[in-house]
Amino acid sequence: MSGYMSGILAILAINIIFAYGIYLSVATGQLNLGGAGFQAVGAYAAAYLSATYGFPVFLTLLTGLLLSGVFGFAIALPILRTRGVYLVLATFAFAEVIAGALLNSETFGGAMGISVPGYVEWYVPVIIAAFVTLLVFYIMSTRFGLNMRAIHDDEEVSDLMGVPVRKVKVIAFSMGAALAGLSGGLYAHTFTFVEVQGFNAILSIYVLLYVLLGGTQTAWGPLAGATFFTLLPEALRDLLPSTKTFLVSLFGDAENVAPPDESWRFVILGVLTVLMMVFRPEGLITRPMLAHLRLRKPGARAAGGEVLE
Amino acid sequence: MLLVQQLVNSIMLGSVYVTVAVAFTLTIGILNFLNFTIPTLFMLAGMMGWALSYYGLPFGLSGPMPWPLALAVGVVLAILASLLVERFTFRYLKTRYGDSTEHAIPLVSSLGFLLILENLVRIGYGTEERRFVGPDADLTLNVGGLFIRVPQLISLFVTVLIVIFLTMLIRRTRIGRGLRAIAENPDAANILGVDTKRVVPVVFMLTGLLCGLAGALFAVNYGEVSPLMGEDIGTKAIAGMVIGGLGSIWGAVIGGLIVGVLELMTVHFFGADTVQVVVWGALLLTLIAYPSGLLGHNAIGKGKL
Amino acid sequence: MNAALPLLSVNAVSKSFGGLQVISDVSFDVERGSRIALIGPNGAGKTTIFNLISGVYTPDSGSISFDGADITAVPSRKRIGLGLARSFQNIRLMPHLSVVENIMLGQQSNATHLADMALPLLGRSRSRREAEDLLARMGLGTFPGDVVATLPYGIRKKIEVVRALAAKPKLLMLDEPAAGLNPAETASLRDFLITISETGTTILIVEHDMGLVRSLCEEAVVLNFGSKIYEGSTRHVQDDPQVLEAYLGSRHVKDHVVAGGEHA
């Protein structure tokens, strides 16, 4: 496999784990706009333990996961008393505090970042991503997952039905934070370098958009969203310059066209977001859509558990 | 004396945050909507003000404009952009089930607009800081040994006027009654005969106006603009709003000033690098320990019921 | 518990919102195995009474006892486990869950162990089987896997009732279950409720359809402007001068009452 392909697979796997981390809280009706902060916790924990103490990779990953989960718990427990916009603000603020603290800390290399000695091949994140995907599908199939989705739809009625709303919200949020931390640890070991500037507000926004545009009704959504938005920039890498050349050639001179600005990718993501929110706010993949697909494939009805109805 | 001078400076600095914080708190208080385009509108007014006074209209449609005209056009552009955001966040919004993700749709759309507007400005004018040549920003009054820059004094004055104007608008006018009714309960407001389709755009016009003015005043005061200028101000305005209490205009005023003081005191005692941690930390602590802030009521952001 | 005591008793309960007295000093009992109607003009406070009994609101004064115990201070989440389940006036099913998942949510109060949380609800799991059986018994067995949001109104209305039943409640509280149903659907709902009642479930129902009220319930409690104005047989309810006054007079004051707001 070429270095280019394995690089894309690794980042795809990391983004999928990251997206599932955000998904667990969004599926419970809680927007998490601090993804970069939780990922940074996992990445720096892994990088620091690996660089300073030479911990083996699995141990640094585990520490990053747990530490990020603990941070998630510490944020969620007080904040989830309130609803809606408070959590958005708190998670956003958390990410900024983490970034600011790392930037000012000499222990963690400040603006210079940390080199990570423990390198993992591309298949490590891919295998872990597959495992995480199965895990999330499993969680969503349990009564706990049912409670998560119920809270997403109607918190008050969930409470009257006997769902321990706050407990479910805190646990789901913390598990999500832990997964985001895991993705950070894998990032550190795959790219063997972390710098805090990479874990910025745009990253938090980006991953939340993956999840929402993919759709939060099923665990397929984040998978689709993360895949689409990881591969989109790769596709645009060739498409954008040729589009620009084509457009310029319509007006005559096609020689020596400067490559288009990187920022166009963000503009395209922004436009997609706004259009999706207008035309299909429930995201790309919805339950009625999946049900429809199943009906069209007669043999599939006996295959999965969900369809044995 | 140095500390008093610092305090005066912080109030001047805080007044920029106040205007933007009021814009945030207005949309949250009335529409329960955290509008992430607000920092972008601020940046848009400043950057377009600079671009129009430096280059003139795009595609050579006009020569460089005089700076007051350029800034005025910048403010108008911010208002227009804000109305465009309204179209796509509230006008065409389909809420069918009223679940939690649907309540987040405007917020998510506003994140989309943030990406679009900021990156279009980057594509058009690059990412560097630009020098805005306005009036003499260093014109200074000496009041009993304290130095006060005249443009800053004017900014402070404009800010105070804006806040008083807004308070009057909300308390005394028909539009204000409509706004308050929507803030209370959108469905009931409809039943009581408030035309939400006409009142909601008013919130966005005010948002655009506030951010535009703040951006223009910032350009005049600091003489520098960049596509990134909104992020820093947005941060501090959000912190100011939270400290003051979500949905409270006077809370945003007090909160914005507190953040101004907090920032310059942090710079004074710990250095500039720690400002981000201190401001966001204050925000986070307020949210955890005292979510209703200084003047807020805890009813904002509940979603429904 | 003491079988002689009424299953539910509401004792001198009052509630106000922002200075507006919505419920004033209302008392009534619901005997075990009975079917009681709670009626009154729009804005009389019927839904507020439901919200007080189910714990959405806490009364300003007075107390509520259920099955022999004072539940005034019991959190809303715990009440369904005591045997108190309700439906909602405007359908409040979870729109993105399937029919059977909504029913399984109703079984929540029976799932108290960690294992109940961690076991998948797929395929032939016990919860799912029970939920599907219940649906089949109620004549809703044809579309358990459909997402609720895609189903027609009448069916969703029925699913709400079944969801409340899934908790195996002692007291089933139904808020206008027949609103928007046609006469045939209403008749089948009545038969359905009588069947449930005969298995020992007590029913407290808010309903505007007086035909249904009379054919289903023997007794009624009538509220007007948050006060109880009648309690007794449904047969004589229309002869009561106060009730007559409340309903006939209500047309003139209807606008006032709507503006005063009955909280859903």
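## A bridge in the sheet of chain C

L8(C) has V30(C) as its bridge partner in β2(C). The model is a predicted one, in which local features need pLDDT of at least 70, side-chain atom pairs count only at pLDDT 80 or more, and totals for chains, interfaces and linings use all residues. Residues are numbered from 1 along each chain as its sequence is written, while chains are lettered from A and ligands numbered from 1 in the order in which they are written.

Strand β1 of chain C, residues 8-17, pairs with β2(C) through seven bridges in the antiparallel sense. Strands are DSSP runs of E with at least two residues, helices are runs of H or I with at least four, and both are numbered from the N terminus. Two strands pair if DSSP finds at least two bridges between them. The open sheet in chain C has four strands, ordered β2-β1-β4-β5, with antiparallel pairing. At its edges are β2 (20-30) and β5 (69-70) of chain C, each pairing on one side only.

## Two residues with positive phi

Most residues other than glycine have a negative phi. D67(C), which is not a glycine, has a positive phi near 55°. D67(C) sits in the loop between β4 (61-66) and β5 of chain C. D67(C) counts as partly exposed because 17 C-beta neighbours lie inside 10 Å (buried means 20 or more other C-beta atoms within 10 Å, exposed means 12 or fewer, and partly exposed is in between, with C-beta atoms placed from the backbone).

E176(C) is not a glycine either, and its phi is positive at about 50°. The loop that holds E176(C) runs between β7 (171-175) and α7 (183-198) of chain C. E176(C) is partly exposed, with 19 other C-beta atoms within 10 Å.

## Two helices in chain B

In chain B, the axes of helix α2 (residues 38-54) and helix α3 (residues 67-91) come within 7 Å and cross at roughly 145°. Axes are lines fitted to C-alpha atoms, for helices over the stretch in contact, and angles run from 0 to 180 degrees between N-to-C directions. By class, the contact of α2(B) with α3(B) has 13 nonpolar, five polar and no charged residues. Here Ala, Val, Leu, Ile, Met, Phe, Trp, Tyr, Cys and Pro count as nonpolar, Asp, Glu, Lys and Arg as charged, and the others, Gly among them, as polar.

## Where chain A touches chain C

Contact joins 25 residues of chain A and 31 residues of chain C (C-beta atoms, placed from the backbone, within 7 Å). On the side of chain A that touches chain C, α6(A) gives the largest share, six residues.

Methods: Two residues are in contact if their C-beta atoms, placed from the backbone, lie within 7 Å.
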